[in-house]
Amino acid sequence: MSAKVVSVAPDIGVREAFFTIREHGIRHLPVVEPDGRLAGIVGERGLRRSDRVEEARDLAHVYHLDDDILVRDMMIGQVRVVHADDTLRAAARELFDHHVGVVPVLDKTESLVGVLSVVDLLRALSDVIDQR
């Protein structure tokens with residue numbers, strides 16, 4: 001789990017969110033309301049190529065991101081989550097069963113405390129293999 005969480009507010013522009021992702025070398029940003037509640041998640045791929053683009057897949061596309069579109073308009077609002085006290089097995093099952101690459105990790109108060117990705121699971125598996 002990545003405990004150093006970079007998140008954004010739902011009312012920032014998608015251009016700012018995209019450059020936040022690039023600046024921190026991450027692929028997903030949890031979207032957090034001012035009161036600390038998780039509002040959703042937005043990914044780099046979703047920002048670069050939204051479902052709103054209506055064109056053939058084989059066309060080259062220059063991405064024009066501007067801050068007139070807000071993160072709240074592009075985020076996934078119904079987010080799969082895990083809790084800090086869940087087992088690694090349960091967290092892995094959440095990722096695999098729902099075909100997602102990342103899940104926010106919440107504490108008992110439903111506050112965001114981390115993000116768990118498939119890469120984190122592979123890292124944990126590698127550590128177990130190394131210990132044998």
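Visitor: Why is Asp120 called buried?
Guide: Its relative accessibility is 11%, and buried means under 20% relative accessible area, exposed over 50%, partly exposed in between (1.4 Å probe, protein chains only). So at 11% Asp120 counts as buried. This is a predicted model, where local features need pLDDT of at least 70, side-chain atom pairs count only at pLDDT 80 or more, and totals for chains, interfaces and linings use all residues. Residues are numbered from 1 along each chain as its sequence is written, and side-chain values use heavy atoms, leaving out hydrogens and water.

Visitor: What makes Phe18 and Phe19 an aromatic pair, and why edge-to-face?
Guide: Rings of Phe, Tyr and Trp (its six-membered ring) pair if their centres lie within 6.5 Å; planes under 30 degrees apart count as stacked, over 60 as edge-to-face and the rest as tilted. Here the centres are 5.4 Å apart with 85° between the planes, so the pair is edge-to-face. A search of the whole structure finds one aromatic pair.

Visitor: Are those two buried or partly exposed?
Guide: Phe18 is buried at 9%, while Phe19, at 36%, counts as partly exposed.

Visitor: How do you know that the buried residues of α1 line one face?
Guide: The helix, residues 14-24, buries Val14, Ala17, Phe18, Thr20 and Ile21. Helices (H or I, at least four residues) and strands (E, at least two) are DSSP runs, numbered from the N terminus. Down the axis of α1, the buried residues fall within an arc of 160° (taken from the directions from the helix axis to the C-beta atoms), so they line one face. The face turned away carries the exposed Arg22 and Glu23.
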